[in-house]
Amino acid sequence: MHGSYGDIESLLPDTATWEADGCLSLAGRSVAGLAEAFGTPLYVYDVATIRGCCAAYRAGCAGYPGEAQLVYAAKAFAAVGLLRLLAAEGLGVDCVSGGELFLAWCAGVPPECLVFHGNNKSEEELALALRLGVGRIVVDSLDELELLARLVTDPSEPVRVLLRLNPGVEPHDTHAYRRTGQLDSKFGLPIATGDAARAVARCLELWPAIALLGYHIHIGSQIFDLAPYRSAIERAYDFAAEMARIHGAIPQEFSPGGGFGVAYTVEDRPVEVAAAAATVAGWVADAARARGLPLPRLVLEPGRSLVARAGVAVYRVGTVKRIPGVRTYVAVDGGMADNIRPALYGARYQVVPACWSDRPPERVRLVGKYCESGDVLIDEAELPSPQRGDLLVIPVAGAYCLAMASNYNAALRPTVVAVEDGDVMVWQRRERLDDLLAREVSGCFSGRDVEFRRFS
Ligand code: LLP
């Protein structure tokens, strides 16, 4: 009965089921029921899918002959409930700001499991990382190394660092905004310019305040073709071997970063997570062996591939504008404020109705409610002739949607719930009108205050 949705099931969370009433359920909870209870836009995370992705990563690393650690890149989505869940699954957390460190700390992630990244960490952020006692600081520049050294007050407790190398490798199959491994990048210490070598020498001088444990690379994100990982790992290990020869600096730890791509549409064909992790882990082991270096502790740092498919966005259709001979615009109650990815990267998504309908199919453009013509979620989608009130589900909305959400047009950021075995947990409540005033220091006139309260 739902055959016309094609392969879209493969994009939905693992527990997605079409119930006898023709409506989609996740972990035994009807999406329409959740939308009724929590309103729309609504983001729903399926916990089983997240646990399944963690298990796939563990399986992928199982063949690695040394120690392997998974670290979740919190920038993909940093809800405290999610961080807590991933920490319980044994993952560490990669943070790129004082804000993310704070959220991970609030989630109870053990500080030694935190990895602190960033191309321009402020003095305050570094000081916070030291105060929390984060497990690793990934140093991105020579300048940061000096700043960090100045902040270390207790040299009996060396700060454990990795150097983020810029290997000069560019993954071509992802959007230019998501490439980080090429020389012309704000990220990392270029091997090619000698900065990386200078950083190693400087770390050794700074011992015992700074303990250099090894190296980190991250070439980009939403990558399907794994070959550039191999080139980048090889270049990093050529460099490691040279540093071992010159300085006796032996890397005990190595991170090839994150970046494995996921399918957003049924045409996308990423490498499956366990296979991707196993392949890259194998390349790291080979690179170390080939140069007579010890097998490093391997740190994989996925964001998107752990959480993207677990999350769906649920919207309600409002205005449907049919322009005969031109096109039909179907506007939903969210858009670029909760998902900027189509506007920013030309990211493609698919959509499916939350409940089956036998209305005739119609080609439509799915747009948001914000005041930009670029507020398009899906350029061309096929839906059963849409009407006001229909509920729509966009799969693969779990990564970098809410993480990049804004209050554009004073939009209220949506409720986020997680479902597992029929239970519903609210991870984040919907923003309220008074949240819009939280940072206003001029306050409300008392008369207005009363007026606003009536709406909140
Ligand atoms: N490690 C580092 C150092 C990173 O910079 C990133 C992502 C990751 C790990 C995780 O990469 P993932 O496994 O999630 O691909 N906003 C863009 C993605 C930006 C990714 C930034 N760095 C998007 O929506 O596509």
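## Ligand site, domains and strands

An oxygen atom of the ligand lies 2.8 Å from a backbone N or O atom of Arg304. Of the 580 Å² of accessible area that the ligand has on its own, the protein covers 90%. Accessible areas come from the Shrake-Rupley method with a 1.4 Å probe, and for residues only the protein chains shown count as cover. The model is predicted: local features need pLDDT of at least 70, side-chain atom pairs count only at pLDDT 80 or more, and totals for chains, interfaces and linings use all residues. Residues are numbered from 1 along each chain as its sequence is written, and side-chain values use heavy atoms, with hydrogens and water left out.

### The ligand shell

A polar side-chain atom of Ser221 is 2.4 Å from a ligand oxygen atom, and an N or O atom in the side chain of Glu301 is 2.6 Å from a ligand nitrogen atom. For a polar contact, the pair of N or O atoms must lie within 3.5 Å; within protein, one must be able to donate a hydrogen and the other to accept it, and residues adjacent in sequence count only if both atoms are side-chain atoms.

In total, 20 residues surround the ligand, each with a heavy atom within 4 Å of it. The closest are Ser221, Glu301, Arg341, Tyr345 and Tyr400. By class, the shell holds five nonpolar, eight polar and seven charged residues. Here Ala, Val, Leu, Ile, Met, Phe, Trp, Tyr, Cys and Pro count as nonpolar, Asp, Glu, Lys and Arg as charged, and the others, Gly among them, as polar.

### Two domains

The chain is assigned to domain 1 (3–46 + 309–437) and domain 2 (47–307), with bounds from an automatic or database domain assignment. Their C-alpha centres are 33 Å apart. To the contact between them (heavy atoms within 4.5 Å), domain 1 gives 31 residues and domain 2 gives 23 residues. Each of the two domains supplies at least three residues to the shell around the ligand.

### Strand pairing

Helices (H or I, at least four residues) and strands (E, at least two) are DSSP runs numbered from the N terminus. Two strands pair if DSSP finds at least two bridges between them.

| Strands | Sense | Bridges | Residues opposite each other |
|---|---|---|---|
| 1 and 2 (24–26) | antiparallel | two | Trp18 and Leu24 |
| 5 (68–73) and 13 (297–300) | parallel | three | Ala68 and Leu298 |
| 12 (253–257) and 13 | parallel | three | Glu253 and Arg297 |

Three strands form an open sheet in the order 1-2-3, with antiparallel pairing. Strand 1 (17–18) and strand 3 (29–30) each have a single partner strand and stand at the edges, so one side of each has no neighbour in the sheet. Strand 13 pairs in the parallel sense with strand 5 and runs parallel to strand 12.

### Backbone in the loops

The peptide bond between Thr40 and Pro41 is cis, with omega about -10°. Pro41 belongs to the loop between helix 1 (31–38) and strand 4 (42–46). Trp207 and Pro208 are also joined by a cis peptide bond, with omega near 10°. The loop that holds Pro208 lies between helix 7 (195–206) and strand 11 (210–216).

Val396, a residue other than glycine, has a positive phi near 60°. Its place is in the loop between strand 19 (391–394) and strand 20 (415–420).
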